[in-house]
Every structure is written in structure tokens, then in C-alpha cells.
Amino acid sequence: MRYGSICSGVEAATLAWEPLGWQPAFFAEVEPFPCAVLMQKFGATKPKRLLVPDEADTAKERKQRELWQKKTETFPEGGTVPNLGDFTKITKEDYDGKIDLLVGGCPCQSYSVAGLRKGLDDPRGNLSLEFARLAYRLETRWLCYENVPGILSQGQGRAFAEILSALCRWEVKVPVLGKKKNGDVVRGWKNSGIVTSAPGGYGL
């Protein structure tokens with residue numbers, strides 16, 4: 001099994017899958033510390049594409065991107081597994097061969113109860129939709145997507161419905177769980193379930 005990993009962090013997936021003989025075709029990480037860990041532990045290259053400072057939404061984010069660029073410029077060359085960096089710009093031409101599986105957990109701050117809970121209105125939350133776009137761009141057979149429990153309740157469940165819709169290619173609505181005594185419909189997500197796909201989409 002060959003896989004690509006996005007928002008790789010320090011790469012828990014590779015640690016778990018190494019004993020199975022699964023092989024990473026690429027990583028995608030931009031933050032300096034996890035990039036350094038990927039280089040040391042898993043033979044990754046320095047990141048190919050960093051986040052562009054001029055494309056930042058705020059002055060604070062721009063400064064952070066500039067700092068990350070300076071830090072990663074000091075990293076040594078080498079490595080055998082490409083770290084493609086900014087996963088929103090990955091194409092099939094960026095790595096050798098095909099992948100069977102795409103794994104990733106996009107930034108959780110926009111969904112976590114510890115964050116501001118802006119969901120898909122937060123650029124970080126919107127990366128969940130970029131994960132779906134990348135899966136179709138790379139034509140990978142399998143997906144493994146991880147996020148925080150708060151994604152189920154953010155926006156009364158509508159954010160998760162939109163992510164599922166992007167993956168399965170039909171409009172998924174937040175399920176009806178029941179009714180209140182006053183007749184109002186209660187909607188929400190259970191902790192497990194199945195979503196069938198439209199033609200060409202992913203079953204979930």
C-alpha cells in the first residue's frame with residue numbers, strides 16, 4: 001500500500017503503518033518543527049512549497065509564513081521521501097507512481113471547542129474542502145480523514161455535511177435525530193454511519 005500524507009505533523013500514520021509494510025509516497029507539511037522531525041525520523045526532504053507570505057489573510061499570518069521560510073531555508077538538502085509542503089498545490093506530477101490512499105487531518109482549530117469555532121468561514125477550516133479536491137485531483141482509491149469531535153456540531157452540523165458532500169458528490173443534509181415537545185426538528189450527527197456516493201464519488 002502506497003499512500004500520500006497531508007498536514008502530516010510528526011506523522012502518526014507512518015508510525016502506525018510501518019509495521020504493515022505500507023510506504024509513504026509523499027508527505028505534506030509546512031511548519032518547521034514537524035518538517036525537521038519528518039526529515040530526521042522518516043527520511044523526508046525539506047518542504048518543496050511553503051505557504052506564500054503574499055497570500056496570507058492577515059499581517060500576523062504573513063509574518064509567521066516569513067519566519068517559517070527563514071527557518072526551513074537552513075534545513076539541509078537530502079531525503080528520499082518528498083515533503084511537498086503546501087498540499088493545496090499538489091499534483092500527480094509532484095511524486096513518482098500512484099498512491100492507493102490519501103491520509104490527513106486538516107487543522108482542527110476552526111472546529112475544536114478550544115478554538116473560535118468559525119468552521120468553514122475560517123481559512124483553516126476550508127482546508128477540509130481542499131482535502132476533498134486533492135483526493136479527486138490525485139484519483140486516489142481510499143481516504144483516511146481525521147479531525148476533532150467538534151466538527152460534528154460546528155454550525156449545527158452543517159460544516160460536516162458540506163465536507164461529506166464534497167467527498168461523496170451529492171448534497172448531504174444533517175440527519176434528523178427527532179423532535180422536541182414543541183414540534184421543532186432536532187438535527188445532528190451520531191458518532192458513526194455510512195454515506196453512499198454519487199457516481200464517481202467516495203463512499204464514506
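Reply: Happy to! A residue is called buried here when its relative accessible area is under 20%, and exposed when that value is over 50%. Please keep in mind that this is a predicted model.

With that cut-off, let's turn to helix α5, residues 158–168. Eight of its eleven residues are buried, so the helix is largely enclosed by the rest of the structure. The buried set consists of Ala-159, Phe-160, Ala-161, Ile-163, Leu-164, Ser-165, Leu-167 and Cys-168. Just after α5 comes Arg-169, with a positive phi of about 70 degrees.

Two glutamates elsewhere in the chain also have a positive phi. Glu-11, which is not a glycine, has a phi of about 70 degrees, and it sits in the loop between β1 (2–6) and α1 (12–17). Glu-11 counts as buried because its relative accessibility is 2%. Glu-139 has a positive phi of about 55 degrees, again without being a glycine, and its place is the loop that links α4 (123–138) to β4 (142–145). With 59% relative accessibility, Glu-139 counts as exposed.

Now for the wider setting. The protein chain has five helices and six strands, and along the sequence they follow the pattern β-α-β-α-α-β-α-β-α-β-β. Of its 204 residues, 42% count as buried. Among contacts between residues at least 6 apart in sequence, 63% join residues at least 24 apart. The chain exposes about 11,800 Å², and carbon and sulfur atoms supply 54% of that area.

Note on methods. Residues numbered from 1 in each chain as written. Predicted model: local features only at pLDDT ≥ 70, side-chain atom pairs only at ≥ 80, totals over all residues. Heavy atoms only, no water. Helix = DSSP H or I, 4+ residues; strand = E, 2+ residues; numbered from the N terminus. Buried < 20%, exposed > 50% of the residue type's maximum accessible area, 1.4 Å probe, protein only. Contact = heavy atoms within 4.5 Å. Areas by Shrake-Rupley, 256 points an atom, 1.4 Å probe, with all protein chains shown as cover.
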